[in-house]
Amino acid sequence: MAIAKAERLMNLALCLLGTRRPLSKRELRESVEAYLEAGSDDSFNRMFERDKDDLRELGLVIETVESLDGEIGYLARRDSNRLPPITLDAEEAAALGLAAKVWQQARLAGAASGALQKLRAAGLPEDVDPYEAHSALEPRIPVHEAAFEPLMLACRDRRPVLFDYRKANAVQPEPRHVEPWALECWRGHWYLAGFDRDRGAERVFRLSRITGKVRSRGSRFTAPVPDVVTVRETVASWAGETADRSALIRLRAGAGYPLRAKAGRVQELGDGWDELEIPYGHGLDAWLVEFGPDVVVLEPAELRADVVDRLRAVAKG
């Protein structure tokens, strides 16, 4: 049905743009095939008025003209519906060209390539590399997760989705019913922010932990979409990068190099163990569980308790 309506709107727009004189409702009904199938005059009139309003909402300027005999006609003059010429300076063209090239590894590569051609037509010279001064670096956004494209479309169309998600400390994935808000790439990984219906709160999901297919749901959003979605800030807090306190852990020698990279202090204890002081932020317990028996939390007590609870949950399966 959506495709049929889009085709009907396109045909009506072409009729209004292609005429040199105003067309009456009768003439438009005879010119647009979908209108010929209208069962009655009332049905056609309602359909036409809705379509006319939809086209105006999309930005088409439709004029209403009354002839000498009182008949109403419609047309969309080309000069009233022509976009102004696009002028880009060198820096603007280079910035947009760079943005288009970033997507070379993504499923949007075809669309980005087409956009780059339009940018060149609008002022980006063929012989100018938008990042020529840094030609040794090739900016890219890697997208390897199959969930990226359906989630991107769901964010665009405001459609709830259902997918199976395996948390860092879980053995088996569990279903999540989410109203997707935004996708963002942070340090080489893609994350989805949205409203988790089952938990009744905002959540952030790492796409690499989504298993199976992303299924769309036909219902509408039940929670308001915030004006600003702080995906990176949320993930950074999980990683302890916004932490304002420290945790003390024991780490097996030769293990846990990501933890060592964040440590503010490292002390060798002997017997194959080291003592580390690391930033303590939201989600640190889930991260420490990933290192299994190579990590022992010394303090604070609440972090130790959270890690023990997570390990017990994993042990129970």
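Visitor: How many bridges join strand β2 to β3?
Guide: Four bridges join them in this predicted model. Strand β2 covers residues 63-66, and the two strands run antiparallel.

Visitor: Which residue stands opposite G73 in β3?
Guide: S24 stands there. Strand β1, residues 23-24, pairs with β3 over two bridges, in the antiparallel sense.

Visitor: Now the rings. How do I read an aromatic pair?
Guide: Two values describe a pair of aromatic rings: the distance of the centres and the angle of the planes. The structure holds nine aromatic pairs. Take Y35 and F44: 5.2 Å centre to centre, with 75° between the planes, an edge-to-face pair.

Visitor: Are Y35 and F44 buried or exposed?
Guide: Y35 is buried, and F44 is buried too.

Visitor: Why is the pair of F48 and Y74 edge-to-face?
Guide: Because the planes stand at 65°, and an angle over 60 counts as edge-to-face. The ring centres are 5.3 Å apart. This pair links distant parts of the chain, 26 residues apart. F48 sits in helix α4, residues 41-57, and Y74 in strand β3, residues 72-75. Both F48 and Y74 are buried.

Visitor: Which residues form one aromatic cluster?
Guide: Y35, F44, F48 and Y74 do.

Visitor: What lies over the face of W273?
Guide: R250 does, at 4.9 Å from the ring centre.

Conventions:
Residues numbered from 1 in each chain as written. Predicted model: local features only at pLDDT ≥ 70, side-chain atom pairs only at ≥ 80, totals over all residues. Heavy atoms only, no water. Phe/Tyr/Trp six-rings, centres within 6.5 Å; stacked < 30°, edge-to-face > 60°. Buried < 20%, exposed > 50% of the residue type's maximum accessible area, 1.4 Å probe, protein only. Lys NZ or Arg CZ within 6 Å of the ring centre and 35° of its normal. Pairing = 2+ DSSP bridges.
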